[in-house]
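Please look first at the sequence and the model shown below, and keep both in view while you read. The paragraphs that follow go from one chain to the other, one element at a time.

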Amino acid sequence: MPNQPQDRIRFHGLVGKNLMNRPARSFATIFTFAVIAATIFSSQYLMGGARQSLDAGISRMGADILVVPEGYTAEGENILLTGQPTSFFFPASNLEKISRISGVVKASPQIYIATLFASCCAAPVQMIAIDPSQDFTISTWLKQSNGEPLGKDEIIIGSAIIQNVGNDLMFYGHNFHVAGIIERTGMGIDNSVFTRFEDAYVMADESGQKAVKKLTIPAGMISAVLVRIDPSESPETVAAAIQEEVPGTKTILPQGLLHTVSSQLGAVTRLLHGSTIAVIVVSIPLLAAVSAMVAHERRREVSILMALGAPRSFIVRLMLAESFSLAIIGGLSGIAISSGILFLFLFLDLIAFNLKIPFIVPSPLSLLVEGTGALLLAVGIGGISSLYPVLLITRSEPYETIRSGES
Amino acid sequence: MVSEGEFVIILGRSGSGKSTLLGMLAGLIRPSGGTIRIRGRDMGELDDTAIAALRAQEIGFVFQFSGLIPTVTALENVMIPTLFCTNGSDTGSRGTDLLEKVGIGARAGAYPRTLSSGEMKRVAIARALINVPSLVIADEPTGDLDVDTEREIMELLAQLNRDGKTIVMVTHNPELARYASRVFVMDRGTIREHSAHYSCSCRETGTAPEPKDST
């Protein structure tokens with residue numbers, strides 16, 4: 001009779017009821033999986049964000065080699081990676097020497113000026129003076145631009161400097177107008193401002209009267225040269241030639257930056273990986289012990305099901321389904337909570353600031369991949385930890401188990 | 001051999017082997033010798049999966065202690081064997097009907113922890129019948145019940161037998177033998193049919209039987 005209610009019980013219904021009617025055990029297991037997934041996801045999120053930032057920043061440099069004075073390699077890397085204000089110089093004549101080296105296609109000079117503070121910002125920013133006629137880097141980064149070449153007293157700012165195009169900023173007592181904003185890179189460029197050479201010299205000249213502290217830019221000196229090479233050339237070969245033929249210089253390559261970041265990330269990486277491994281190593285036997293205890297506690301229930309006609313495969317499916325369900329719920333919870341916390345910290349820009357690493361939020365696809373990876377790993381751990389106890393319990397003689405409970 | 005429609009009781013003291021015999025009948029224990037056939041199928045020729053399927057389809061089992069799953073309701077307990085019975089037929093309201101038949105239709109939504117011993121035993125009997133088995137095996141089904149509840153359960157089983165259900169039951173209580181159509185006695189692993197015969201009027205009229213003189 002079609003209108004009569006259907007009495008039924010479904011497999012997933014049995015799974016759900018088994019989990020809901022053991023709330024303490026279910027919650028503890030979910031919490032464990034949440035911690036596992038959160039740790040794995042956070043680790044991947046931070047590493048992925050650092051890697052994406054580095055890739056983005058390096059690709060946006062447009063330069064294959066950065067040439068700095070010998071002894072200032074670390075400072076040069078820091079300008080790129082963190083934007084920590086610094087200033088150093090070598091002779092401007094190096095520009096021509098570098099331009100003549102085989103394999104060099106373009107060379108662009110820059111002067112680095114560490115500001116004291118800016119009206120915009122709570123901390124000093126890195127000012128970088130460029131020759132707009134020779135520059136081939138920042139123009140491609142501009143997010144907002146009026147399309148005109150950089151004019152008198154105009155600056156291009158990094159995305160971390162919260163100003164709009166058209167606003168005014170003062171450095172060393174000299175007023176500048178914001179003409180453009182560079183897209184976020186997660187690297188030091190975000191905390192930098194770019195101006196023309198002539199405006200920087202004017203600022204320096206007037207700083208004695210207008211600024212708290214006089215700025216000196218040595219005549220005939222520059223801080224660095226950005227080099228683009230012929231695509232058929234090896235960056236390492238050209239870099240070596242530069243260092244050999246232009247004494248007093250050191251070169252920085254993107255691979256070197258990666259190595260530097262990796263080193264800086266090293267402590268963070270070791271901490272994150274160590275935490276992840278520790279969580280996994282501890283959780284597998286812990287979960288296995290819990291699974292074994294639960295399996296032992298439920299051996300009579302399992303025996304009854306087998307006595308009622310359940311094949312061993314049904315028992316395995318049932319218990320693994322329970323374990324996987326807890327792993328999925330815990331995994332998703334852990335990923336969601338850690339995402340919220342990480343996003344909150346990112347909003348406050350604490351990640352890059354505190355860890356001193358470049359960082360941009362990974363792309364949605366990356367987040368999806370990282371989240372899925374963390375979830376799959378948590379589920380895998382759930383399966384591994386529960387499989388042996390489940391198989392063991394299905395090997396026991398059901399009738400002996402049933403009878404042993406009756407005495 | 002147990003014929004269809006019989007109510008067989010196996011008597012014996014503790015340790016006589018009667019529960020082991022039931023375990024072999026149900027395919028839960030592999031015998032070291034001999035043959036067990038359920039509706040012509042030799043269980044010795046079946047693997048574990050096939051025996052489980054046979055058990056789900058042909059045998060309803062009532063344990064001494066009820067054996068209800070604590071996390072699901074009475075009705076859901078009754079329906080559990082349908083999860084692994086390959087009959088695949090629509091169960092309709094069979095679960096509810098069975099609970100009504102055993103006298104606790106009103107407790108269908110109750111969890112085992114809220115049921116009395118007698119109620120749990122009734123649920124277990126209903127569960128044993130859900131897949132319309134050809135044989136009901138009951139292992140000391142009244143072992144943990146008081147006298148009045150024991151009588152109620154035995155009369156329920158007797159009624160099921162009158163309705164055509166084949167029942168094999170073991171017990172150590174000889175007073176229950178009066179419900180059976182055949183009685184066996186088991187002693188130290190050896191079984192023999194008891195020569196006492198009981199009035200069949202209980203099965204025909206639904207009244208408690210009187211034993212005939214035994215020899």
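How many helices and strands are there in chain A? Chain A has 12 helices and 12 strands, where helices (H or I, at least four residues) and strands (E, at least two) are DSSP runs, numbered from the N terminus. This is a predicted model, in which local features need pLDDT of at least 70 and side-chain atom pairs count only at pLDDT 80 or more, while totals for chains, interfaces and linings use all residues. Residues are numbered from 1 along each chain as its sequence is written, and chains are lettered from A and ligands numbered from 1 in the order in which they are written.

Of the 407 residues in chain A, 43% are buried; a residue is called buried if 20 or more other C-beta atoms lie within 10 Å of its own, exposed if 12 or fewer, and partly exposed in between, with the C-beta atoms placed from the backbone. Among the contacts in chain A between residues at least 6 apart in sequence, 81% join residues at least 24 apart, and a contact here is a pair of residues whose C-beta atoms, placed from the backbone, lie within 7 Å.

One strand of chain A to follow is β9(A), residues 192-196, in which 5 of 5 residues are buried. Both of its faces are covered, with A:Ser192, A:Phe194 and A:Arg196 on one side and A:Val193 and A:Thr195 on the other. Strand β4 of chain A (residues 126-130) runs parallel to β9(A) and is joined to it by 5 bridges, and A:Ile130 stands opposite A:Arg196; two strands are said to pair if DSSP finds at least two bridges between them. Strand β6 of chain A (residues 154-157), by contrast, runs antiparallel to β9(A), with 2 bridges between them, and here A:Ile157 has A:Val193 as its bridge partner.

Turn now to chain B, where 6 strands form an open sheet with mixed pairing, in the order β4-β5-β6-β1-β7-β8. Its edge strands are β4 (59-62) and β8 (190-193) of chain B, each of which pairs on one side only, and the twist averages 20° from one strand to the next; angles run from 0 to 180 degrees between N-to-C directions, and axes are lines fitted to C-alpha atoms, for helices over the stretch in contact. Within this sheet, β1(B) (residues 7-12) and β7(B) (residues 182-187) run parallel and are joined by 5 bridges, with B:Gly12 opposite B:Met186.

Which residues of β5(B) are buried on each side? B:Leu135, B:Ile137 and B:Asp139 are buried on one side, and B:Val136 and B:Ala138 on the other. To β4(B), the strand β5(B) is paired in the parallel sense over 4 bridges, and B:Val62 has B:Ala138 as its partner there. To β6(B), which also runs parallel, β5(B) is joined by 5 bridges, and B:Ile137 is partnered by B:Val168. Between β5(B) and β6(B) the chain passes through α6(B), and this β-α-β crossover is right-handed, a term that applies if, with the strands pointing away from the viewer, the path from the first strand over the helix to the second runs clockwise.

Helix α5 of chain B (residues 117-129) lies across β4 and β5 of that chain, running at about 170° to β4(B). Because 12 of its 13 residues are buried, α5(B) is largely enclosed by the rest of the structure, and its buried residues pack against β4, α3 (74-79), α4 (94-101), β5 and α6 of chain B. The 13 residues of α5(B) should span 18 Å at 1.5 Å a residue, and the end C-alpha atoms are 19 Å apart, which agrees; the expected span is 1.5 Å times one less than the number of residues.

Finally, consider where the two chains meet, a contact that takes 27 residues from chain A and 34 residues from chain B. The elements giving two or more residues to the chain A side are α1 (11-20), α8 (299-307), α9 (312-347) and α12 (398-404) of chain A. That side has 14 nonpolar, 6 polar and 7 charged residues, where Ala, Val, Leu, Ile, Met, Phe, Trp, Tyr, Cys and Pro count as nonpolar, Asp, Glu, Lys and Arg as charged, and the others, Gly among them, as polar. In helix α2 of chain B (residues 48-58) sits B:Arg55, which touches A:Gly309, B:Ala26 and B:Gly27, not counting residues up to four places away in sequence. B:Arg55 counts as buried because 29 C-beta neighbours lie inside 10 Å.
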